[in-house]
2 protein chains.
Amino acid sequence: VEPASNNPWLYLRLAASIEEMIGRRLLRPGDRIPSVRRFSMEQRVSVPTALHAYAILETRGLIAARPRSGFYVSARSADSLSEPDPAVSLLKARALSPADPFESLTDNMARDLVPFGVALPSPALLPVGKLTRTMASIGRRLGPAAGDYDFAPGCLALRREVARRAAAAGCSLAAEDLIVTLGGTEAINLALRCTCEPGDTVVIESPTFFGIVRQLREMRLKALPIPVDSRTGICLDTLDRATRRTRVAACVLVPNFHNPIGFVMPDARKRELVRLLGGRGIPLIEDDVYGELQHEGPRPRCAKAFDPDGSVILCGSYSKTLSPGYRVGFLAAGRWHERALGLKKIQTLAGPTLPSLAVAEFLRNGGYDRHLRSFREACRRQVEETRAAICRYFPEGTRISRPSGGHLLWCELPGNVDSLELFREAAAAGISIAPGPVFSSDGGFRNFVRISCGHPWSSRLDQSLAVLGRLARKQARIPGAEQRREHPLRLHSAAGR
Amino acid sequence: VEPASNNPWLYLRLAASIEEMIGRRLLRPGDRIPSVRRFSMEQRVSVPTALHAYAILETRGLIAARPRSGFYVSARSADSLSEPDPAVSLLKARALSPADPFESLTDNMARDLVPFGVALPSPALLPVGKLTRTMASIGRRLGPAAGDYDFAPGCLALRREVARRAAAAGCSLAAEDLIVTLGGTEAINLALRCTCEPGDTVVIESPTFFGIVRQLREMRLKALPIPVDSRTGICLDTLDRATRRTRVAACVLVPNFHNPIGFVMPDARKRELVRLLGGRGIPLIEDDVYGELQHEGPRPRCAKAFDPDGSVILCGSYSKTLSPGYRVGFLAAGRWHERALGLKKIQTLAGPTLPSLAVAEFLRNGGYDRHLRSFREACRRQVEETRAAICRYFPEGTRISRPSGGHLLWCELPGNVDSLELFREAAAAGISIAPGPVFSSDGGFRNFVRISCGHPWSSRLDQSLAVLGRLARKQARIPGAEQRREHPLRLHSAAGR
């Protein structure tokens with residue numbers, strides 16, 4: 001969409017200004033827009049000019065004429081196609097109270113609330129002791145060299161292991177294709193810096209991981225959220241239409257064990273996604289931090305597996321599977337490898353030497369695979385227990401995702417529940433949850449919450465979910481909530497399960 | 001300076017194009033420029049227009065008329081005032097062979113050349129073993145928590161120690177003013193990102209640390225290099241004039257034990273610097289990575305010590321004093337603290353947990369101060385030995401800095417020596433040096449080299465300097481170079497020494 005003010009043709013400027021109002025939801029689907037005559041008078045333009053503007057909008061499917069009634073905003077375009085006004089969206093996201101979702105969630109961590117909020121596994125489930133011993137032993141062996149720089153692209157032993165593992169995700173990568181990063185955060189940050197300029201528009205999933213929204217906000221990028229299907233991921237039709245109409249600099253997705261929903265995009269759709277974006281020259285930034293946490297069977301393939309020409313940028317991390325504090329992640333930046341390397345060198349120059357070596361050794365000696373076997377099973381069990389407890393305690397009408405990997409659940413509560421209010425009440429009751437609006441760039445998902453099941457199941461967790469259920473029922477105004485403990489839920493089910 | 005092509009007035013465009021030629025040194029001090037009549041004919045403009053352009057340049061002190069002789073480029077302005085064309089400068093810097101000085105220097109490290117190139121102390125002089133043991137013991141004590149995130153602003157214990165030490169540099173800082181960073185690199189990067197937009201102009205010292213030039217290049221910032229006095233630092237008069245004429249977004253300096261020269265700006269000049277920049281609303285980014293490496297007496301104060309209102313951004317690091325591979329640095333971003341914190345969270349989110357804790361403990365328990373005492377003495381001795389050897393072996397006319405801290409020497413070789421050629425010849429002879437042009441944004445300092453004295457003195461180092469001296473003499477075409485081993489040098493001497 002051209003900015004309304006830059007276009008030299010009056011009728012195009014007029015069309016763009018209406019389009020902008022639709023995008024900002026000042027005009028909503030089904031709204032009647034002024035008649036051509038009235039519009040021409042209001043805008044002080046000729047009737048043919050006004051008509052020309054309307055014709056443009058009609059051709060684009062943004063408005064439709066109804067016989068003897070006038071022009072109306074089309075439902076389809078307003079639902080999914082129109083670009084949100086990023087300033088408004090981001091201001092909304094920023095205006096959340098408490099201001100920064102990340103702050104409040106980590107604050108909840110620090111306050112030792114019941115940990116349904118942050119998407120982190122319990123430290124007790126991670127092999128941190130083994131890693132620390134591995135690191136100490138490598139340090140002793142290396143002597144003074146343990147303190148040397150590990151200049152970007154970083155630890156070769158680690159990059160070799162990452163490349164080897166990538167084969168299981170269908171990716172053909174060599175150590176030379178990889179850059180070691182400070183966790184997934186730096187990987188995504190470098191990917192965005194490689195591909196975007198301030199002011200550019202980036203496609204994100206709606207909902208999406210709030211860390212991605214935060215990256216866009218700090219980098220002054222515009223978010224173009226595309227709805228996802230809770231079983232198959234981003235809506236490719238909408239993506240197709242949106243990228244046909246809007247210049248998009250990049251697309252950041254979590255195709256495997258999506259945060260917050262947990263779906264895995266089927267391979268055929270990943271292939272179609274890569275083809276679609278590739279055809280438009282739009283880089284796909286793939287956040288795969290949960291990709292190795294399948295509950296059973298082989299790990300899902302990455303979208304990167306279907307990338308013929310380096311247009312997919314793969315971001316990974318061992319923060320969610322080994323230790324967040326080791327800060328070991330990686331980036332396969334494809335066509336942007338050199339640019340990413342240049343940026344990495346000015347951002348952080350080198351990674352922490354011993355932590356990278358420790359992770360490399362743990363991957364190499366099989367310790368990581370042994371850990372993953374038990375950790376995946378723990379995630380599966382914890383998700384199952386948590387889902388069952390939510391079924392017991394949450395109000396009727398609650399919908400809940402059924403992830404086939406990872407440890408996150410996405411719950412849709414009855415429409416009148418305000419998850420930000422629930423977030424505050426829960427915190428007051430000693431419980432941390434992640435409210436829906438933090439997963440959106442425009443304050444949506446008001447009646448959703450994300451529940452992280454990263455901790456071993458316990459009666460404390462069970463009781464906390466009972467408390468949450470009561471709070472939600474109170475908000476949903478379901479009488480006698482405490483008495484009714486069991487009720488049927490409509491469940492989203494994952495593909496093929 | 002307005003870009004030549006954007007100005008609507010013909011005479012201003014003409015003036016700007018001449019100014020640009022002076023800035024790019026296509027016209028040099030003392031060069032005669034065409035007569036008004038010839039200029040008007042060459043440019044196909046009227047004589048009054050040409051005269052008007054010359055008058056503008058004369059008013060600005062860029063050219064001067066000599067009676068009956070014509071117009072000449074003024075010495076002063078060409079030396080120091082004119083803004084270089086950043087595109088040309090940066091292209092030149094990029095066109096150096098080997099392309100990236102950093103690459104070639106680290107490549108030299110990897111090839112185990114005699115290490116006069118990279119500004120790193122010998123690992124044998126750093127307490128890496130003690131740090132590793134400290135880290136292992138903290139890891140054991142913490143158990144699973146050793147793997148937790150250390151979210152920005154980072155390790156409180158470390159920030160407390162940094163704040164405590166800052167008092168010795170005259171800085172009144174609290175833990176809340178500090179952000180833990182991935183070494184000095186991330187600190188400077190965050191400082192630049194806080195204060196600059198792509199295309200902005202940044203004042204740097206000429207010469208300056210090549211890591212700063214690299215940051216500017218990757219961030220698409222323009223460099224405005226200001227000459228330094230080898231004893232007192234950046235020329236404040238020139239800085240004053242330059243910042244009066246040019247919109248400058250930030251100023252990045254190394255006031256203490258400058259890289260490559262080694263000077264310490266006197267306190268009075270630091271105070272004046274802060275006042276001058278503060279008055280123009282220009283943030284000062286102070287790189288203090290060598291500040292604790294004085295050869296004797298108390299450590300020098302930081303420019304930050306004279307900062308009344310948070311306009312100075314202090315960047316520090318333990319990479320040069322403890323271990324580069326631990327990646328522990330810090331940032332006191334003053335008025336930009338919140339913005340820096342926001343950027344840190346999207347760039348790296350958290351630092352490596354155990355390395356930060358290990359450094360904090362080493363600072364706290366006195367291990368760092370004990371180490372500094374011997375390390376400073378080692379630096380002093382090594383610098384002294386290296387200077388003496390350079391006096392013995394280098395060609396007549398060599399000038400050499402006399403640093404009062406750190407381990408870097410800046411050598412001016414006879415004018416006909418090409419340090420890039422010397423760099424290549426030295427590498428072929430198994431010796432790494434840092435050629436002068438990498439310390440400039442425009443390929444200057446062609447006959448300079450930086451010699452790092454980070455390693456304990458040895459006959460290998462002595463012999464390598466003899467080889468370097470022979471190579472330099474050959475280039476300087478001093479006959480019988482091998483026979484003449486001793487000759488007087490004119491030395492820059494540090495203030496008060």
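Tutor: Gladly. Keep in mind that this is a predicted model. Let us begin with a charged pair: Asp200(B) and Arg247(B) form a salt bridge, and their closest N and O atoms are 3.1 Å apart.

Student: Are the two partners, Asp200(B) and Arg247(B), buried or exposed?

Tutor: Take them one at a time. Asp200(B) is buried, with a relative accessible area of 13%. Arg247(B), at 60%, counts as exposed.

Student: How many salt bridges are there over all chains?

Tutor: The search of the whole structure gives 44. Another of these is Asp240(B) with Arg244(B), at 3.0 Å from N to O. Both residues belong to helix α11 of chain B and lie 4 residues apart, which means about one helical turn separates them. Arg244(B) is exposed, with 56% relative accessibility.

Student: What about the pair Asp418(B) and Arg446(B)?

Tutor: Their side chains meet in a salt bridge with an N to O distance of 3.1 Å. Asp418(B) is in the loop between β16 (408-412) and α16 (419-428) of chain B, while Arg446(B) is in the loop between β18 (434-435) and β19 (448-452) of chain B, so this bridge ties together parts 28 residues apart in sequence. Arg446(B) is partly exposed, at 41% relative accessible area. Over in chain A, salt bridges with shared partners join Glu377(A), Arg380(A), Arg381(A) and Glu384(A) into one network.

Student: Let us turn to the interface. How much area do chain B and chain A bury between them?

Tutor: The size of an interface is often given as the accessible area lost when the parts come together. For chain B and chain A that value is about 4300 Å², with 63% of it on carbon and sulfur atoms. On the chain B side, Tyr149(B), Glu218(B) and Ile346(B) lose the most area to chain A, together 16% of what that side buries. Counted by contacts, 52 residues of chain B touch 52 residues of chain A.

Student: Which polar links and salt bridges are counted between chain B and chain A?

Tutor: There are 4 salt bridges between chain B and chain A. One salt bridge joins Arg339(B) to Glu218(A), with the closest N and O atoms 2.8 Å apart. The count of residue pairs in polar contact is 20. Elements of chain B that give two or more residues to this side include α7 (128-142), α13 (337-347) and α14 (353-364). By class, the chain B side has 23 nonpolar, 16 polar and 13 charged residues.

Student: How many disulfides are there over all chains?

Tutor: A disulfide is a covalent bond between the sulfur atoms of two cysteines. The count over all chains is 0. Cys171(A) is in no disulfide, and the nearest cysteine sulfur, belonging to Cys302(A), is 4.3 Å away. Cys171(A) is buried, at 4% relative accessibility. Cys251(A) is in no disulfide either; its nearest cysteine sulfur is that of Cys196(A), 11 Å away. Cys251(A) is buried too, with a relative accessible area of 0%.

Student: And the backbone? Which peptide bonds are cis?

Tutor: Most residues other than glycine have a negative phi, and most peptide bonds are trans. Among the cis bonds is the one from Asn259(A) to Pro260(A), with omega near 15°. Pro260(A) is in the loop between β10 (250-253) and α12 (267-279) of chain A. In chain B, a cis bond joins Ala152(B) and Pro153(B), with omega about 10°. Pro153(B) lies in the loop between β5 (150-151) and α8 (156-166) of chain B.

Student: What is phi at Arg44(A) and at Phe257(B)?

Tutor: For Arg44(A), phi is near 55°, a positive value in a residue other than glycine. Arg44(A) lies in the loop between α2 (36-43) and α3 (47-59) of chain A, and at 78% relative accessibility this arginine is exposed. For Phe257(B), phi is near 50°, again positive. Phe257(B) belongs to the loop between β10 (250-253) and α12 (267-279) of chain B, and at 3% relative accessibility Phe257(B) is buried.

How values were computed. Residues are numbered from 1 along each chain as its sequence is written. Chains are lettered from A and ligands numbered from 1 in the order in which they are written. This is a predicted model: local features need pLDDT of at least 70, side-chain atom pairs count only at pLDDT 80 or more; totals for chains, interfaces and linings use all residues. Side-chain values use heavy atoms; hydrogens and water are left out. Contact means heavy atoms within 4.5 Å. Buried area is the accessible area (1.4 Å probe) that two parts lose on being put together, summed over both. A polar contact is a pair of N or O atoms within 3.5 Å; within protein, one must be able to donate a hydrogen and the other to accept it, and residues adjacent in sequence count only if both atoms are side-chain atoms. Ala, Val, Leu, Ile, Met, Phe, Trp, Tyr, Cys and Pro count as nonpolar, Asp, Glu, Lys and Arg as charged, and the others, Gly among them, as polar. A disulfide is a pair of cysteine sulfur atoms within 2.5 Å. Buried means under 20% relative accessible area, exposed over 50%, partly exposed in between (1.4 Å probe, protein chains only).
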